[in-house]
Amino acid sequence: TLFRSAYLGRKVTAAGGNLTFTVSYDLFGQNDTSGRAVQTTQHSDVIIEGNGIRIVTAQEGIRLQPYKEHTVKVLLLPEMFTVYGSAAAVSKRDFLSVLANVKR
């Protein structure tokens, strides 16, 4: 779990905005520097939890390559998220409820 306390609490004003983050990784002790994709995540890129509701991005994971940064931009709109553990769409009410009290 990656977050800072500045990202927690009341974040309703973030609705409609963007969440932009950059990820990268290095291979320590490995001889493979070919730059080929080593791993694709099989999980959601963003998980937000608040007011007892957990929502996730509906996107298909990120293709990461060692030693290269990958920047992701997620629109903070209900239609960009699903309810965690299902394919159910997030309602506007639930989306705003999550953002009203982000726990993680």
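**View 1. The chain follows the pattern β-β-β-β-β-β-β-α along its sequence.** This arrangement comprises 1 helix and 7 strands; helices (H or I, at least four residues) and strands (E, at least two) are DSSP runs, numbered from the N terminus. The model is predicted, so local features need pLDDT of at least 70 and side-chain atom pairs count only at pLDDT 80 or more, while totals for chains, interfaces and linings use all residues. Residues are numbered from 1 along each chain as its sequence is written, and side-chain values use heavy atoms, with hydrogens and water left out. Of the 104 residues, 25% count as buried (buried means under 20% relative accessible area, exposed over 50%, partly exposed in between; 1.4 Å probe, protein chains only).

**View 2. Glu-49, Arg-54 and Arg-104 form a network of salt bridges.** A salt bridge places a side-chain nitrogen of Lys or Arg within 4 Å of a carboxyl oxygen of Asp or Glu. Glu-49 is buried, because its relative accessibility is 19%. The N and O atoms joining Glu-49 to Arg-54 lie 3.0 Å apart, and Arg-54 is partly exposed at 26%. Between Glu-49 and Arg-104, the closest N and O atoms are 2.8 Å apart. This second pair links distant parts of the chain, with Glu-49 in strand 3 (residues 47–50) and Arg-104 in the segment after helix 1 (92–100), 55 residues apart. Arg-104 is partly exposed, with a relative accessible area of 40%.

**View 3. Thr-82 lies in strand 7 (residues 81–83).** Its relative accessibility is 14%, so Thr-82 counts as buried. Leaving aside residues up to four places away in sequence, Thr-82 touches several residues, including Arg-54, Ile-55, Val-56 and Val-90 (contact means heavy atoms within 4.5 Å).
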